[in-house]
Amino acid sequence: MLFRSHALIGGVPPAVGDVLTRRLARLPYKVVDLLTAAAVVGKNFPIAMAAAAAGLSTEDALPLVESAVRAGVLGRDEPGRVRFSHDLFRDVLVSALPTARRSALHLAVTGLLEQDSGRTAPAAEIAYHRSMAWPLGDRDRLIAALAEAGREATARTAFDEAAVHLRRAVEVAGGFAAADPELMCDFGDGLRRAGHGEDA
C-alpha cells in the first residue's frame with residue numbers, strides 16, 4: 001500500500017501522520033495489508049475477522065499480528081482479539097485506502113458480522129459498515145439495517161441516535177415519497193422522541 005505523506009490524513013496533523021506513515025512503511029506488505037483490513041473492522045477486533053476480511057486464514061494471520069504487536073502498532077487484548085495501540089494508526093491506514101477498496105472491505109466486514117453465529121453484532125455496527133460500503137451492497141438490506149439500528153437505539157432510549165439512523169434509511173430509500181410507510185412512521189416517531197416533532 002502507498003501512503004500519503006506531508007498532508008493532513010484523516011484529521012491527523014501532517015507531522016504526526018508522517019511519523020506514523022514511516023513506522024507502517026517499515027512493516028512487510030502482508031502485515032500492512034492485514035492492518036488495513038483490521039482498521040476497517042474497528043479499534044478492537046477479532047483476529048479471525050480481520051484475517052477473513054484480508055483474505056487470509058487465521059493461522060496465516062497470527063505471525064503477521066505478532067509482527068504488528070512487536071512494532072507497537074497493535075496491543076494484546078483478550079484471547080483471539082487485539083487492538084490498535086492508537087486510533088491514529090487506524091486513521092492513517094483507512095485514509096490511505098482507495099474509495100473502492102474501502103467500500104469493498106466494509107461490505108466484507110458486514111458479511112462476516114452477519115454470518116457470525118457465535119456473536120450477535122449490534123444492529124448499529126452492521127448498519128455502519130453497510131452505510132460505509134454503499135453504493136456497494138444491497139440497497140434494501142442497507143435500509144433494513146438502518147431501520148433495525150433505529151429500533152435498537154429507541155429501545156436503549158438513545159432517541160437522537162435512532163433519528164439519525166432512520167433519517168439515513170429514508171434518504172437511501174429515496175426520500176419521503178419513496179420510503180415505506182412503516183419506515184416513515186418509525187422515522188416520525190423517532191423525531192418526536194428526540195424532541196424534533198416539528199420536523200416530522
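1. Let's start with valine 73, which is buried at a relative accessible area of 1% (buried means under 20%, exposed over 50% and partly exposed in between, with a 1.4 Å probe and protein chains only). This is a predicted model, in which local features need pLDDT of at least 70, side-chain atom pairs count only at pLDDT 80 or more, and totals for chains, interfaces and linings use all residues. Residues are numbered from 1 along each chain as its sequence is written, and side-chain values use heavy atoms, with hydrogens and water left out.

2. Where does valine 73 lie? Valine 73 sits in the loop between α4 (58-70) and β2; helices (H or I, at least four residues) and strands (E, at least two) are DSSP runs, numbered from the N terminus. Leaving aside residues up to four places away in sequence, valine 73 touches Leu24, Leu27, Leu35, Ala68, Arg83, Phe84, Ser85 and Phe89 (contact means heavy atoms within 4.5 Å). Take leucine 35: this residue is 38 residues from valine 73 along the chain, with 8.9 Å between the C-alpha atoms.

3. On to the sheet. Three strands make an open sheet in the order β1-β3-β2, with antiparallel pairing; two strands pair if DSSP finds at least two bridges between them. β1 (44-46) and β2 (74-76) are at the edges with a single partner strand each, so one side of each has no neighbour in the sheet. Neighbouring strands are turned by 35 degrees against each other on average, direction ignored (axes are lines fitted to C-alpha atoms, for helices over the stretch in contact, and angles run from 0 to 180 degrees between N-to-C directions).

4. Now β3 (residues 81-84) and its partners. Three bridges join β1 to β3, and three bridges join β2 to β3. Valine 82 in β3 stands opposite phenylalanine 45 and also opposite arginine 76. In the hairpin of β2 and β3, with four residues between the strands, glycine 80 takes a positive phi near 85 degrees.

5. Which residues of helix α7 (residues 123-133) are buried? They are Ala123, Ile126, Ala127, His129, Arg130, Ser131 and Ala133. These buried residues pack against α2 (29-41), α6 (99-115), α8 (139-155) and α9 (159-173).

6. A closer look at α7 and α8: the two pack at an angle of about 145 degrees, with axes 8 Å apart. α7 passes α8 in a left-handed crossing (left-handed if the near helix is turned anticlockwise from the far one by less than a right angle, right-handed if clockwise). The residues of this contact divide into eight nonpolar, one polar and four charged; Ala, Val, Leu, Ile, Met, Phe, Trp, Tyr, Cys and Pro count as nonpolar, Asp, Glu, Lys and Arg as charged, and the others, Gly among them, as polar.

7. Then α8 and α9, which pack at an angle of about 165 degrees with their axes 8 Å apart. That makes α8 roughly antiparallel to α9 (under 35 degrees is roughly parallel, over 145 roughly antiparallel, 65 to 115 roughly perpendicular and the rest oblique). The residues of the contact of α8 with α9 divide into twelve nonpolar, three polar and three charged. α8 passes α9 in a left-handed crossing.
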